[in-house]
Amino acid sequence: MPTSREEVPRNRLKERLLAEQGPQLGLWLSSGSSLMTEIAAGSRFDWGLLDGEHGPNHIASLADQLRAIGQYAMTPVIRPAETNRVLIKQVLDAGAQCLLLPMIDTPEDAAAAVAATRYPPRGARGVGASIARAGHWGRIRGYMEEAEAQLCVILQVETREGLSHLDEILRVEGVDGVFIGPADLGASLGNPPQDELDGIVCECLGRIRDAGLVAGSIALEESVAREYVEAGANLLAVASDTDLFVRALDGCLAGFGR
C-alpha cells in the first residue's frame, strides 16, 4: 500500500482563468503524434487542444500526448470524439482535467455532459480511479473526493439550435465555460459572410462573459483573434499544428518556384 499521500495535480489553466490573468492563448493539436505534441508543448502557448473529434486520435494516443505535455508548462485540453459518458470517462481516467465537449445544443445536453464528469451521487462518472492514470493507479488516496475541484468543463456551442439555447446552457450548474465553434456554427447558419459570422461570435462571447463563465473560441487570423479578445474571449486558440506545418513546408520551397 502507498506510504505517502499524493494529491490531485492543480489545474493551472483553470487557476489562471479564474484569476483573470488575460486571454489564455491555445494551439490546436490535431496531428495525433506525441512527438509533434511534445515539440509544441515547449512553446509559449498557454494550452494545447488534443483533438479527438477531427484528429486521428484514440484513447491510447491521447494518453501518450498527455504524458508528452506533462513535463512542460502548457496545459492540455482534450476534446473527445463526441460528448458521451463513455468517452468522457476514458479521457478523465487518462488524466485530462480540462475538457472541451463538442456539439452541445440544449441545456439537457449540457447537464448530461457535466454529469458525466462527476462521480455519483453528483453525477454518472464510472468509478475506476484505483486503476487509472488520473488517480496515479491508486496512489492518490482522495482522488474521488478531490478531482472535481480541479476539472474545467468547457462546452462547445456550434449550431443554430445551440445558439438559440445559449442563455439556458450558461445557467447549467457545473459549466465552467462555453466555446463558440465558428466553422460549424457558420455552416449551421447557412454560411453567412465572414464579418457577419464574426459579429455573431463576438456577441456570444460577450454574453458568456457577462454570465461569469469562460468564453472560448478559435481564430487563426490575428485580426479576428484580436476582435474576439476585445469581445470577451479569454480562452482562444490562435494556431493549429497542422496548419503551421503545411504553411512552413510550402513556404520553404516558395523561393525555389515550387
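How many residues does helix H10 have, and how far does H10 reach from its first C-alpha to its last? The first view takes this up. This is a predicted model, in which local features need pLDDT of at least 70 and side-chain atom pairs count only at pLDDT 80 or more, while totals for chains, interfaces and linings use all residues. Residues are numbered from 1 along each chain as its sequence is written, and side-chain values use heavy atoms, with hydrogens and water left out.

**View A. Helix H10 and what covers it.** H10 runs over residues 194-210: it has 17 residues and reaches 24 Å, close to the 24 Å expected at 1.5 Å a residue (the expected span is 1.5 Å times one less than the number of residues). Helices (H or I, at least four residues) and strands (E, at least two) are DSSP runs, numbered from the N terminus. Among the buried residues of H10 are Leu197, Val201, Leu205 and Ile208; buried means under 20% relative accessible area, exposed over 50%, and partly exposed in between (1.4 Å probe, protein chains only). Their cover includes helices H7 (160-164) and H11 (222-231), plus strand S7 (214-218). Just past the end of H10, Gly212 takes a positive phi of about 85°.

View B. Cys202 is buried at 13% relative accessible area, and Cys152 is buried at 4%.

**View C. Asp51 and Arg79 in a salt bridge.** The N to O distance is 2.9 Å; a salt bridge puts a side-chain nitrogen of Lys or Arg within 4 Å of a carboxyl oxygen of Asp or Glu. Asp51 sits in strand S2 (residues 47-51) and Arg79 in strand S3 (residues 75-79), so the pair ties together parts that are 28 residues apart in sequence. Asp51 is buried at 2%, and Arg79 is buried at 4%. Glu53 joins Asp51 and Arg79 in a network of salt bridges.

**View D. Arg118 and Glu148 in another of the 12 salt bridges.** Their side chains meet at 3.5 Å, N to O. Arg118 is in the loop between H5 and H6, and Glu148 in the loop between H6 and strand S5 (152-157), 30 residues apart. Which of the two is buried? Arg118 counts as buried at 9% relative accessibility, whereas Glu148 counts as partly exposed at 24%.

Methods:
Contact means heavy atoms within 4.5 Å.
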